[in-house]
Amino acid sequence: MPSITRKENWVQLFRDQISQSTAGQFKVLDCRGKMRLQYRPNGGKAQSLMLPFDFDKKETSKALRRIEEIFRNFVQAKGKMTLAKAGTVTEVSSSKHQISWEELVENYRQFVPNASDATWNKSYIPVLTKAGILMNRAKGKPQGGEELMMQSLKQWEQGTRSRQIARRSLKGFLDWAVLRGKLIAAYAPPAQIPETKNPIEIGYAIDDQEIIELLDLIPNGRTAREEETYNAWKFAIQLCSVYGLRPEELRHLTIKKGIEGKELWTTYQKSKGGKKGKRTAPRKLHALFVKDLDGKPIDWNLQKRFSIGEKLPPLGQEGKGGEALGTFLKRRKYWKQLKEVVNATKKEVLKPYSFRHRYAKQSHSAGFPIANIASAMGHTVEVHLQNYARFTPDATTDLYAKANQVEAA
């Protein structure tokens with residue numbers, strides 16, 4: 001960067017003060033009206049650092065104190081710290097800005113309006129609270145955004161989904177706080193931090209006969225109340241299987257009047273495949289019947305049963321529908337046995353979403369266009385392919401099969 005020669009009396013006096021305070025190792029240049037600190041060791045590589053001060057007489061007293069602090073940190077490091085790092089450490093330690101972390105977090109809440117209270121409490125509060133504890137330390141306070149993120153994320157295991165969510169939440173918060181001057185620039189989050197990724201679990205697409213057997217083995221109940229509860233869970237499993245529902249969507253079902261009569265819809269809205277701020281729209285549900293051993297579709301009259309008020313099971317707190325269904329299934333002997341078989345032989349995972357995976361697999365088997373399947377399931381084509389590309393028809397297999405048919409003829 002070009003420097004400007006300054007000859008005013010105060011300039012020489014300022015430079016003499018810096019030389020005396022830093023044993024002649026530092027000097028300050030005028031770089032387009034800003035102060036640039038320069039270190040040029042004998043026989044070593046020169047280093048420079050832009051300071052947050054105008055090259056003006058009024059700024060000299062503040063700048064001199066800052067330069068003396070940078071020099072102390074730089075010298076004490078004994079060559080293990082760059083001038084830029086010494087500047088960052090000094091900026092953090094000398095900042096007079098008193099941070100009310102709780103108030104900062106509360107102010108940030110309005111900038112994530114698409115996060116429900118449940119999501120805010122689960123995905124944001126834990127990591128932001130941990131970061132606040134670190135930032136309010138009297139000693140050992142993180143010296144920048146990277147260090148703050150690394151220390152804040154320690155309690156989450158590398159490669160887990162929960163760590164990914166915590167990292168994303170903290171990064172968004174730091175970006176917001178630094179951009180608006182709530183935190184100094186040193187706390188801007190890095191573009192990347194060291195991370196490992198666990199192998200992605202492959203969700204098992206439960207087949208139709210397994211669904212039928214699971215339903216048949218759910219008992220009728222010894223009392224009227226028990227029977228009502230079991231029937232409600234059967235109803236929930238049937239709905240998830242036939243409409244490819246997320247378990248949470250069970251609490252958001254409604255009947256709407258369509259062009260051709262009544263229609264079953266879900267009004268559930270979730271984050272739209274990573275597109276910040278966008279959420280899925282309510283959608284009409286399309287049945288894909290479970291088939292019996294003879295390949296005949298079974299019509300359980302689900303829409304009619306829902307419209308006349310058949311009860312669904314209790315799904316717990318908002319956002320916990322999957323956990324509620326999972327708890328019920330874990331108590332079923334058949335589900336336990338099937339889970340062991342799937343894990344051992346197919347190396348896949350049987351879980352509540354397996355009914356939804358079944359819907360995706362059968363839709364592809366029926367030859368439906370990917371765009372239509374994605375629309376029916378309430379996500380984007382990109383998200384669909386990320387999760388269900390394995391179900392798309394294999395064109396290579398079809399080509400070779402066709403060639404073999406021609407030869408056989």
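## Ser 363 and its contacts

Leaving aside neighbours within four places in sequence, Ser 363 is in contact with Leu 288, Phe 368 and Ile 373; contact means heavy atoms within 4.5 Å. Ser 363 lies in helix H13 (residues 354-365). Helices (H or I, at least four residues) and strands (E, at least two) are DSSP runs, numbered from the N terminus. Ser 363 counts as buried because its relative accessibility is 2%. Buried means under 20% relative accessible area, exposed means over 50%, and partly exposed lies in between (1.4 Å probe, protein chains only).

This is a predicted model, in which local features need pLDDT of at least 70 and side-chain atom pairs count only at pLDDT 80 or more, while totals for chains, interfaces and linings use all residues. Residues are numbered from 1 along each chain as its sequence is written, and side-chain values use heavy atoms, with hydrogens and water left out.

## Glu 249

Glu 249 is found in the loop between H9 and strand S4 (253-258). With 0% relative accessibility, Glu 249 counts as buried. Apart from neighbours within four places in sequence, Glu 249 is in contact with Thr 266, Tyr 268, Arg 283 and Arg 356. Glu 249 and Gly 322 are 73 residues apart along the chain, and their C-alpha atoms are separated by 9.4 Å.

## Helices H8 and H9

Two packed helices are described by the angle between their axes and the distance between the axes. Helix H8 (residues 208-216) and helix H9 (residues 224-243) pack at about 170 degrees, with axes 10 Å apart. Axes are lines fitted to C-alpha atoms, for helices over the stretch in contact, and angles run from 0 to 180 degrees between N-to-C directions. H8 and H9 are therefore roughly antiparallel to each other. Angles over 145 degrees count as roughly antiparallel, under 35 as roughly parallel, 65 to 115 as roughly perpendicular and the rest as oblique.

On the H8 side, the contact is made by Ile 211, Leu 214 and Leu 215, and on the H9 side by Lys 234, Ile 237, Gln 238 and Ser 241. These residues divide into 4 nonpolar, 2 polar and 1 charged. Here Ala, Val, Leu, Ile, Met, Phe, Trp, Tyr, Cys and Pro count as nonpolar, Asp, Glu, Lys and Arg as charged, and the others, Gly among them, as polar.

## Aromatic rings

The whole structure holds 16 aromatic pairs. Rings of Phe, Tyr and Trp (its six-membered ring) pair if their centres lie within 6.5 Å; planes under 30 degrees apart count as stacked, over 60 as edge-to-face and the rest as tilted. Tyr 39 and Phe 74 form an edge-to-face pair, 4.9 Å centre to centre with 75 degrees between the planes. Tyr 39 lies in strand S2 (residues 34-39) and Phe 74 in helix H2 (residues 60-76), so the pair ties together parts that are 35 residues apart in sequence. Both Tyr 39 and Phe 74 are buried.

Trp 120 and Tyr 124 form a stacked pair, 5.0 Å centre to centre with 20 degrees between the planes. They are 4 residues apart in helix H5 (residues 117-135), which means a separation of about one helical turn. Trp 120 and Tyr 124 are buried. One aromatic cluster is formed by Trp 101, Tyr 108, Phe 111, Trp 120, Tyr 124, Phe 173 and Trp 176.
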